[in-house]
Structures are given as C-alpha cells and as structure tokens.
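Student: I am new to this structure. Could you take me through it in short steps?

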Amino acid sequence: MTVLFWPSDDLPEGWPAILQARIPEEEVRVWPDVGSPEAVEFAILSHPGSGELGRFPNLKAVFSEGAGADSLLTNPDIPAHVPITRVFDPDQAREMSEWTLYMVLHFHRLMHEYAELRAAGRWQALGRRNTHDTRVGVLGLGIMGDLTARRLAALEFPVTGWSRSPKQIDGVPCFHGAEGFEEILGRSDILVCGLALTPETHGIIDATALAAMPRGSFLVNMARGGHVVEDDLFAALESGHIAGAGLDVFEVEPPAPDHPCWTHPRIVWTPHIAGFVDPATAADQMAENIRRTRAGEPLLYVIDRNKGY
Ligand code: NDP
C-alpha cells in the first residue's frame, strides 16, 4: 500500500527514503508519482495545496510533516473521519525556545538600540535594565510555549503564561480565557506568541491587543503569521507604542518585496526557521502511526479538529 508524500520547499532531502527504511512493507511515493489512487492509504503534507486528496478513496490518515496542522485543517478534501496527526519533536521545541530566548534577550539587552547607535557611528552606553523588571508573557503553553516559559523563568525573567485551558507551571503564573488575555497583555513588557493558529486565534494580536500592552513593549512571534494583524503591528511600531518586534513568521511567506519588514529598523526577523523537525523523529512517529492504524490502535499526536490544534 502507498504512503504518499507531497514535497514542499522546506522538506529536507531524503525524507521519503528515511521513512521508507522504517516501513519496507509499504511503498513510499512522492507526488505526482501517485501510482494507483486506490492504493494510497496515508498522505504526508504540510500545506493544503493538495486538492487531490479527494482522489484517494482508501485514505486512512494524513500526517502533517511538522508541528502545526493549521493549514491542513482548511483542506476540504480530507474527509472528516480521516485522522490528522502532527509531529512531536522535543528537539524542535528546544530550538523554538532558543529562538525565543534569543529574541527576548535581544530586546531586553537593547540590542536593537545599539544597532541603531552603531549605524549612526556612536559609541554610547545605554542604561541598565534589571532582568527582574522585564516581564515576559507567553501566549500558548503547548509543546513550544511550555518549554519556552520554563526556560525564560529559569533566566529569572518574571514570566506569565496564557492558554485556552488552565495550566500549572512552577514559577509561572498562568491565565486563561478572555479575562486572562487582558491580564497578560497589560503585564507583558515582552509578549511571546506560541499559540496554535485557529479561527479563534487568527488575528488575535490586533490594534486592541497591542494597545493593551505597556507603552514601549515588544512582540516576539514564533508561532504563525496569521496571529498578528501586520498593519496594526506596523502602526503600533510607527507610533512608538510597540518598541520592536522579533518575527519568525508572516501572514504571507515570503513577505512581498514592499513589505515593511525588509527595511523596518525595529524588526528583527528570520525566515520561518525558529524550529526544525528532525526527519528521523517524524519518520519514527509516522511509521508507528501506520503500525497503529493497521493494528486498530489509537494514533499518536492526533489533531483535535474541534479545537483546531
Ligand atoms: P500546541 O498545539 O502544542 O499548543 C498550542 C497552544 O495554544 C496551547 O497551549 C493551547 O491552549 C493554546 N491555544 C489554542 N487556542 C487557544 C485559544 N483560543 N486561547 C488560548 N490559548 C489557545 O502547539 P505547539 O506548542 O506545538 O506550537 C505552537 C505554535 O508554534 C503553533 O502555531 C505552531 O504551528 C508553531 N510552530 C512554528 C514553528 C516555526 O518554525 N516558527 C515550528 C513549529 C511550530 P491549551 O494548552 O489550553 O490547549
């Protein structure tokens, strides 16, 4: 039976072979080399651009090749009874937290201001800010957010967290729900977004949310571009209400040539590289989920379609 890969730009080379080695009894094919549509039982993809999924009457499961499955959930061709799984890679979570620590330290230690001073040819020391005075709020306390909040707290930043359901994390006061959102915004000198992207969280960081953050605060987004209303962010940067932003993700990737991020002095950005999935880890989990499907056992890391993540 066939396991079908949809190649994407960010798919590491050799990925299909890594999986094939784990499941010699299955046939791993790479789209558009589909073979018999009836034989396709598993599909692996990261983007919804596979309008062809409806062609496979015996599809048993869809595996996201990454941690997020938000784009797959918008694919109407994935039948409701077909489970969608994500990858859970602890190494990726560590990388995501490292990226975020870097951004938090960048703004906390005023690296954005030193960059401007250097560009102006000025040798000038700026004032000191105590770690204990830089309050960091982490939106989303899932696999990435939980580790990030703990590591920030270990660096002695006063950290608070926010999620959909109540959470308990040692040393990190946690909020949830709409009231909790107001609360965390108001006490975040640096706001980190680690939310899942769902219809509820799409555009959650808009003009109202940004206005609720303290003047001179910073935004760090490791999650999805869709969480931030980019026009509102740039307006807040222009007004000075938001003093800087660290972005790994954009609503449209890559951003258009006239997107302000290319030139804005208060934006530090990277091209969606905060955390990589290890193909070996992902292949282990996919092979295990194929085995579980065959054995009629519950799959690992299934996306809850009602929650959207
Ligand atoms: P998880 O699914 O593990 O966690 C998502 C978190 O979002 C949970 O804490 C969840 O709350 C919270 N959440 C979802 N909806 C709401 C809501 N309406 N209100 C409040 N909280 C909500 O995701 P991950 O930690 O694995 O990933 C986090 C983000 O990072 C995702 O958007 C993912 O796509 C992105 N990502 C980005 C990468 C990059 O390279 N930039 C790489 C990997 C992931 P609760 O815990 O209560 O369910």
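Student: Which residues does Ser64 touch, not counting residues up to four places away in sequence?
Tutor: This is a predicted model, in which local features need pLDDT of at least 70, side-chain atom pairs count only at pLDDT 80 or more, and totals for chains, interfaces and linings use all residues. Residues are numbered from 1 along each chain as its sequence is written, and side-chain values use heavy atoms, with hydrogens and water left out. Contact means heavy atoms within 4.5 Å. By that rule Ser64 touches Leu45, Ala69, Leu72, Thr85, Arg86, Val87 and Met286.

Student: Is Ser64 buried or exposed?
Tutor: Ser64 sits in strand β4, residues 61-64. Strands (E, at least two residues) and helices (H or I, at least four) are DSSP runs, numbered from the N terminus. Buried means under 20% relative accessible area, exposed over 50%, and partly exposed in between, with a 1.4 Å probe and protein chains only. Ser64 has 1% relative accessibility, so it counts as buried.

Student: Where is His227, and which backbone oxygen does its side chain reach?
Tutor: His227 is in the loop between β10 (217-221) and α7 (230-239). His227 is buried, because its relative accessible area is 0%. Leaving aside neighbours within four places in sequence, its contacts include Cys193, Ala196, Thr201 and Asn221. At 3.4 Å, its side chain reaches the backbone oxygen of Leu195.

Student: What is the relative accessibility of Thr148?
Tutor: Thr148 lies in helix α4. Not counting residues up to four places away in sequence, Thr148 touches Met96, Ser97, Thr100 and Met222. Thr148 counts as buried because its relative accessibility is 0%.

Student: Which residues come nearest to the ligand?
Tutor: A residue is near a molecule if one of its heavy atoms lies within 4 Å of it. There are 31 residues around the ligand. Those that come nearest are Met144, Ser165, Lys167, Leu195 and Tyr309.

Student: Which elements give two or more residues to the shell around the ligand?
Tutor: The chain has eight helices and twelve strands. Those that give two or more residues to the shell are α2 (90-108), α4 (143-154) and β7 (159-163).

Student: What radius of gyration does the chain have?
Tutor: Along its principal axes the C-alpha trace spans about 65 × 40 × 30 Å. The radius of gyration is taken over C-alpha atoms, and the globule rule is 2.2 Å times the number of residues to the power 0.38. With 309 residues, a compact globule would have a value near 19 Å, which agrees with the chain's 21 Å.

Key: Polar contact = N/O pair within 3.5 Å; in protein donor to acceptor, adjacent residues only side chain to side chain.
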